[in-house]
Amino acid sequence: MTDTDRDAFAQCYNGMLIAFRVSSDDPIRLHGELEVYFRALRDLPLDAVQAAAEGLQRAHVGADGRSFFPTAPQWHKAAEAAQVALLRKMLSPAREEPWHYEDPDCGDTGWLERVCQVGARCGCESCSKRPGDWTHPYVAPCSCRATNHTYRRRRDLGPSPYTPDEAEKATANVRRRGRGGFRHA
Ligand SMILES: [Zn+2]
Ligand SMILES: [Zn+2]
């Protein structure tokens with residue numbers, strides 16, 4: 001987000017306050033908290049932050065079944081996942097077949113979509129202390145980033161430090177796995 005997204009973010013934040021029934025009788029405190037959330041989320045695009053807010057409003061409940069206003073890291077994590085979903089949506093119309101991705105595992109987004117659950121926690125401390133029914137989506141960096149040309153081009157990372165030959169070798173296994181899914185046994 002940039003400074004021009006401030007108003008839109010404030011609107012989104014106010015929607016969250018209403019959805020989670022946070023009382024808004026102290027405007028100065030609330031403005032300060034809005035600033036904290038804005039700064040915590042500003043490395044992500046506005047549409048991902050908004051999409052995450054919608055998802056959190058639908059499903060952000062704790063172990064006791066009650067909804068609670070997300071912390072900045074929780075909102076950030078949800079927005080990262082939303083960003084990946086938006087990237088996928090943006091990319092897919094141009095590609096008719098899934099195996100045209102350089103890396104079908106991550107869809108060339110450079111992120112793997114995961115679910116934090118018992119036995120496979122996301123790594124944050126508060127999740128490791130939660131009971132078994134606590135789950136949430138999150139994303140982890142994909143190992144293809146160094147060799148994936150589509151990912152690097154989109155992120156302006158410059159050309160891959162690997163030669164096309166090396167990159168081909170590194171992604172060949174991944175591609176074979178992707179195609180294998182369509183073969184009949
Ligand atoms: Zn987690
Ligand atoms: Zn990948």
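Of the 185 residues of the protein, 21% count as buried, a residue being buried if 20 or more other C-beta atoms, placed from the backbone, lie within 10 Å of its own. This is a predicted model in which local features need pLDDT of at least 70 and side-chain atom pairs count only at pLDDT 80 or more, whereas totals for chains, interfaces and linings use all residues. Residues are numbered from 1 along each chain as its sequence is written, and chains are lettered from A and ligands numbered from 1 in the order in which they are written.

View 1. Among contacts between residues at least 6 apart in sequence, 66% join residues at least 24 apart, a contact requiring C-beta atoms, placed from the backbone, within 7 Å.

**View 2. The largest nonpolar core.** This core, a set of buried Ala, Val, Leu, Ile, Met, Phe, Trp, Tyr and Cys residues joined through C-beta atoms within 7 Å, has 21 residues, and those with the most contacts inside it include Val49, Trp75 and Ala82. At least two residues are supplied by each of α2 (27-41), α3 (46-59), α4 (72-91) and β2 (136-141), with the largest share, six residues, coming from α4. Because domain 1 (1-89) and domain 2 (98-185) both give residues to the core, it lies between them; the domain bounds come from an automatic or database domain assignment. Not counting residues up to four places away in sequence, Ala82 touches Ala48, Ala51, Ala52 and Gly55.

**View 3. Packing of α1 against α3.** Helix α1 (residues 6-19) and α3 pack at an angle of about 5°, with their axes 10 Å apart, where axes are lines fitted to C-alpha atoms over the stretch in contact and angles run from 0 to 180 degrees between N-to-C directions. The two helices are therefore roughly parallel to each other, the term for angles under 35 degrees. Among the residues making the contact are Phe9, Cys12 and Met16 of α1 and Leu46, Val49 and Gln50 of α3.

**View 4. Aspartate 108 in a loop.** Aspartate 108 is found in the loop between α4 and β1 (111-116) and has a positive phi of about 65° although it is not a glycine. Most residues other than glycine have a negative phi. With 24 C-beta neighbours inside 10 Å, aspartate 108 counts as buried.

Definitions and conventions. Buried ≥ 20, exposed ≤ 12 C-beta atoms within 10 Å, placed from the backbone. Helix = DSSP H or I, 4+ residues; strand = E, 2+ residues; numbered from the N terminus. Contact = placed C-beta atoms within 7 Å. Parallel < 35°, antiparallel > 145°, perpendicular 65-115°, else oblique.
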